[in-house]
Amino acid sequence: MHDCNSAGFTAEDSEYMARALRLAEQGLYTTDPNPRVGCVLVKDGRVVGEGWHRRAGGPHAEAAALAQAGEAARGCTAYVTLEPCSHHGRTPPCADALTAAGVGRVVAAMQDPNPRVAGGGLARLREAGIAVACGLLEEQAERLNRGFVRRMRTGRPYVTGKLAMSLDGRTALANGDSRWITGEDARRDAHRLRARSSAILTGIGTVLADDPAMTARLEGEDILQPLRVVLDSRLRTPPAAKLARQEGRTLIATACDDAARRAALEQAGFEVMRLAVDGEGRMDLAALLDELGRREINELMVEAGPTLNGAWLRSGLVDEWVAYMAPCLMGDGARGLFSIPALGNMDERYALRWLDVRRVGADLRLCFATDAIRP
C-alpha cells in the first residue's frame with residue numbers, strides 16, 4: 001500500500017529534502033544495483049549530520065548521517081530521499097538505526113518500491129513512536145532512481161535510447177563515417193548518461209564497423225563501469241574486439257548455438273548468453289529486458305545503429321530517447337536514425353512526447369518520452 005502524502009510540509013522541510021536529494025546525486029555513478037539515497041539530520045534549525053549511499057555493500061545514507069551526528073541525532077528530524085529499509089541485507093535495517101539514535105521525526109521523499117520494504121520501514125518507525133511523513137519532493141526522488149523503481153515494480157530496467165544526429169536527422173555518412181557529428185560538450189554529456197546507466201547495449205553492426213570500447217569516461221569522477229551488452233544473433237563478434245580489453249564485463253546475447261564460436265569468445269573474456277527469438281525469428285527484446293532485470297540492471301542505455309534502433313522503436317520498450325542534434329547538414333545520402341517500414345498514412349506515425357530541450361555547447365539535447373507511442 002502506498003503510504004505517502006505530500007500535504008502538510010513546510011518551506012524548511014522542502015529545503016532540507018532538496019539538500020538530501022543533492023547528496024543522493026553524489027552516488028549517481030556508483031550505487032548500482034542499489035538506489036541513490038541521501039539523508040540530512042536537522043536539530044533546532046541546524047544540520048547536525050548528513051550522508052549519502054556511496055556504493056552497494058557500504059553504509060546507507062542514514063548510517064553515514066547518524067555517524068556524523070553522534071549524540072546530536074537525538075530528537076532531530078531526519079530527511080531521507082527513500083523510505084528507510086526495514087530488512088537485513090548487507091547492512092542492518094536503517095529504520096532500527098534511526099530508532100536507536102532517538103530520532104524524533106522522519107520525513108521520506110518516497111516509499112521504497114522494493115517489495116521487501118514497501119512501507120515496512122515507515123511502519124516500524126511509527127511503531128517506535130517516531131513521527132513519520134512521506135511524499136515530499138516525491139517526483140524528483142523517483143526520477144533520480146527511475147531504474148531502480150522500474151525494476152522493483154516490473155522486473156525490467158528503465159530503457160534510454162541515445163542518438164546523435166545532424167539537423168537533417170542523419171547519423172553517419174553513406175560510407176559509415178560518423179566522427180564527430182556533435183561537439184565535445186555533447187559527447188561529455190552522453191558519457192554522463194553512460195555513467196549513470198547499469199548497462200550499455202549496442203548491436204553487432206556497430207561492433208564490426210567501429211570496434212567501440214563502450215565505457216563511461218568522465219575525468220575526475222568515481223565510476224562503476226556499466227555492463228556492456230552486444231546483440232549478436234550469429235556470434236560474429238571478433239574475440240580480439242576492443243570490448244574484451246575494457247574494465248568491467250561484456251555480455252553477448254545471441255540466438256546462435258555454434259559451440260566453437262562461443263568457446264572462443266568465452267576464452268577471450270566475454271560472457272555469452274542464448275536469447276529467445278520472437279514470433280518473427282528476431283531476438284526477443286522483451287526477454288532480454290527480463291534477463292537484465294534478473295541481473296539487477298536498473299538502467300539500460302541503447303547506443304545502436306538505425307537497424308537496431310528501428311527494432312527498439314517498433315518494440316515500444318524504450319522509455320525515453322535522448323537525441324543530440326548538431327547544427328550541420330549531411331545530405332540525402334547519409335544514414336538516418338531508424339530503419340522502419342514505410343508508413344502508409346499519417347495516422348501510423350510514431351508519436352513521442354517532449355520531456356526536455358536544452359543547449360549543450362554548440363548542440364541541442366532533445367529528450368522524448370515514448371508513452372504516447374502507438375502499439
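**Figure 1. Lining of the second largest pocket.** In this predicted model, 23 residues line the second largest pocket, and Glu25, Leu28, Arg143, Arg146 and Arg196 lie nearest its centre. The elements that give two or more residues to this lining are helix H1 (11-25), helix H5 (138-144), helix H7 (184-196), strand S12 (320-325), strand S13 (353-360) and strand S14 (363-369). Helices (H or I, at least four residues) and strands (E, at least two) are DSSP runs, numbered from the N terminus. The lining holds twelve charged, nine nonpolar and two polar residues. Here Asp, Glu, Lys and Arg count as charged, Ala, Val, Leu, Ile, Met, Phe, Trp, Tyr, Cys and Pro as nonpolar, and the others, Gly among them, as polar. The volume of the pocket is about 720 Å³. A pocket is an open set of points on a 1 Å grid over the protein atoms alone, where a 1.4 Å probe fits, with protein on both sides within 12 Å along at least five of seven lines; lining residues have an atom within 4 Å of a point. Points are joined across faces, edges and corners, and the volume is the space filled by probe spheres set on them.

**Figure 2. Leucine 355 in strand S13.** Leucine 355 has a relative accessibility of 37%, so it counts as partly exposed (buried is under 20% relative accessible area, exposed over 50%, partly exposed in between; 1.4 Å probe, protein chains only). Apart from neighbours within four places in sequence, leucine 355 is in contact with Glu320, Cys367, Phe368 and Ala369, where contact means heavy atoms within 4.5 Å. The C-alpha atoms of leucine 355 and phenylalanine 368 are 5.2 Å apart, although the two residues are 13 apart in sequence.

**Figure 3. Helix H11 and its cover.** Helix H11 spans residues 306-315, and Leu308, Asn309, Gly310, Ala311, Trp312 and Leu313 are buried in it. Among the elements that cover these buried residues are strand S6 (158-165), strand S7 (199-203), strand S8 (227-231), helix H10 (285-294), strand S11 (299-302) and S12. Glycine 316 follows H11 and has a positive phi, near 70 degrees.

**Notes to all views.** Residues are numbered from 1 along each chain as its sequence is written. Local features need pLDDT of at least 70 and side-chain atom pairs pLDDT 80 or more, while totals for chains, interfaces and linings use all residues; side-chain values use heavy atoms, with hydrogens and water left out.
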